[in-house]
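We will go from one stop to the next, with a note on what to pick each time.

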Protein chains: 2
Amino acid sequence: MTGTSLSPDRPGSVPTVVHVRCTGRSYPVLIGHDILDGLAALLKEHAPAARYALIADENVANLYASDVTQALQASGLLVTRHTFSAGEPSKNRDEWARLSDELTDAGVGRDGVVIALGGGVTGDLAGFVAATFMRGIGVVQVPTSLVAMVDASVGGKTGVDTPAGKNLVGAFHPPQFVAIDPGVARTLPRRQRAEGLVEAVKHGAIVDRDYLDQIEGLLPEALDGDAEAIRTVVTGSVMIKARIVSEDENEAGLRQVLNFGHTIGHGLEAASDFELSHGVAVGLGMILEARLGERLGVTKSGTESRLTNVLRRLGVPLELPDRLDKDRILRFISRDKKARDGVPRYVLLEQIGATFHSIDWAQQVSESDVRAVLF
Amino acid sequence: MTGTSLSPDRPGSVPTVVHVRCTGRSYPVLIGHDILDGLAALLKEHAPAARYALIADENVANLYASDVTQALQASGLLVTRHTFSAGEPSKNRDEWARLSDELTDAGVGRDGVVIALGGGVTGDLAGFVAATFMRGIGVVQVPTSLVAMVDASVGGKTGVDTPAGKNLVGAFHPPQFVAIDPGVARTLPRRQRAEGLVEAVKHGAIVDRDYLDQIEGLLPEALDGDAEAIRTVVTGSVMIKARIVSEDENEAGLRQVLNFGHTIGHGLEAASDFELSHGVAVGLGMILEARLGERLGVTKSGTESRLTNVLRRLGVPLELPDRLDKDRILRFISRDKKARDGVPRYVLLEQIGATFHSIDWAQQVSESDVRAVLF
């Protein structure tokens, strides 16, 4: 498996390690129960620093940040805490600027490291703070949401939203390492676990039919928060994601397949003013982009219904909410980052487990075809 | 010369080409009279794009942007123009955000390229827009100030200032290419040419005594704007800078030598609320850091006076202005990006043409020694 390797899954607290290759180096993704208990040792080994700046939203800070901070300080590390209001609306340039200034005031220098403790919003926002602080300092990703565990924390994408759309400014900034405790997912609301599992379904849909078959049977337990089921899903998804981003860090080629469901999905998210969560929007986006592919004759017939059946087990919406203004969705889609020459592009499946490729991994599709599946 | 090569300097309009190595690729710095006449062809060859966003301050836009834009459009390229108020105060996060949004509105996508036409402020600001726009698009540096030609346009440093200090947020984002017309320097005020020549003096001081001897004789003509003298200085400085940044792109080691004069220099600039120009501040910074090195016994005695004699020919200030609050200077210095464990660091010379090295290229110095040279 190019760029990745997997240590045997031994009993006890020995974590599974998946290596991700990026420009000039590689970094480990460590997955293990209670791995946060050993965070200080991991920081000393993989991300030594004069000072650590722990960034978390207020919810996560209340749950975990005190324990984590105290444990790190007890191990002799200098740590300051920096928080922001939970939720996607905080992923903006003002919060990025405020957090950057907090780091300056706290005396963090070029020899500092950011610890991003939280879900996807935290990973993106804190990652962008690290990417740009004094032209870039290290970041450690400690995902606490299932979406972030299976997807967002691996691969180095960071950024914030602008009024015109999601992630319109940002940077590729690979972490020093990623530490995932699958047990943390047990404490999440069921709905948030469902959103993470949507991304795992995506991983199977784009490159690995066997993985989709494997996790389909595990979805009920994973949805209930069973730690072993979560660990299996997280490990499988991280391995797929690691293989893809190791091959194409900057999304010039293969990495685009990870955007399946995301062209329409981002449009739905933005058009709902982020009332639709990312996971729900991507689930709907996958169904609609499968329908689009079938309509265009590039996706094997029956793919949409297979995806719908899997996603039904997760209890996420399977139909476009009537309240969404479809012209507004199209306007947001037209500003998508994947657009070329101003024409938005879509990742289309060939069938479950294989992405369609023709010149590129993302295809330009006429707006009339997109309208036909949306309206 | 590691990472660089130099084409023979042939007569006519054939440019000199210096290659700079950066992660995974290299880029050319093209130096030639009237090189901007051929910019469209250079863009097509070295930075093909669906759209170009030309960023310039209002002064430079008035002087050059119409001609450049029209020439590019006449060659069939899609170009939009984006301007900001001239001067260091524009190098801030608000202007960065506004320009980014202008690019979005203009339909620039991931397949777009930024053209940074102007001095150091433009290169830093437009470069940071490019570094972060949709997680990074290409940038072409077209320096019009002598400081930017000899120094700032090469090496990929981009960023903006924050209330706490200069360049406190930014990114390393190497350009697709750099195009330098030395003739443009003729149109600058003499004072601005002097500031550029200060950086050229720095290049000689840190690594190349022969180069310092060579340009010392040329300083009067270069100060007058003689195009051949300017071309000689620009080419020599670009070769030195290219060699250094090719060896150490991210300033982990050797590249730090380029910060000679800059620890105190940045402190002076900030403490004067940017009344002191960068060039003037660095000139003073070099004199004071040479004095500091001599005081500490690491810099050969006589180095400060040699530097003072060279800088005297440029007509830049050789003494610290009385109006500057020295405690305020020290406060700004203490936040310098080169600090480690919160202690600022200084690049010290061994002698003219050689930087002192001990464990690292930058040294921690006690505040009392810094006070002794400042007060």
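Is G127(A) buried or exposed? At 0% relative accessibility, G127(A) counts as buried, where buried means under 20% relative accessible area, exposed over 50% and partly exposed in between (1.4 Å probe, protein chains only).

Before moving on, some ground rules. This is a predicted model, in which local features need pLDDT of at least 70 and side-chain atom pairs count only at pLDDT 80 or more, while totals for chains, interfaces and linings use all residues. Residues are numbered from 1 along each chain as its sequence is written, chains are lettered from A and ligands numbered from 1 in the order in which they are written, and side-chain values use heavy atoms, with hydrogens and water left out.

**Around G127(A)**

Stay on G127(A), which is found in helix 4 (residues 120-132) of chain A; helices are DSSP runs of H or I with at least four residues, numbered from the N terminus. Now show its contacts (heavy atoms within 4.5 Å). Not counting residues up to four places away in sequence, G127(A) touches T122(A), V139(A), Q141(A), T158(A) and H173(A).

**Helix 7**

Next, select residues 209-224 of chain A, which form helix 7. Colour L218(A) to find a kink of about 55°, shortly before the proline P220(A); the bend is the angle between axes fitted to the seven residues ending there and the seven starting there. Among the buried residues of this helix are Y211(A), I215(A) and L219(A). Its buried residues pack against helix 6 (190-207), helix 8 (227-247) and helix 11 (303-312) of chain A.

**H266(A)**

Jump to H266(A) in helix 9 (residues 262-271) of chain A. H266(A) counts as buried, at 14% relative accessibility. Leaving aside neighbours within four places in sequence, H266(A) is in contact with K166(A), N167(A), H278(A) and D336(A).

**Both chains together**

Finally, show chains A and B. Chain A can be laid on chain B with an RMSD of 0.0 Å by a turn of 180° and a shift of 0.0 Å along the axis, superposed by least squares on the C-alpha atoms of residues with pLDDT of at least 70 in both. The two copies are thus related as by a two-fold rotation axis. Select T23(A): of the residues of chain A, its C-alpha comes closest to the axis, at 3.7 Å.

Note on methods. Helices (H or I, at least four residues) and strands (E, at least two) are DSSP runs, numbered from the N terminus. The expected span of a helix is 1.5 Å times one less than its number of residues.
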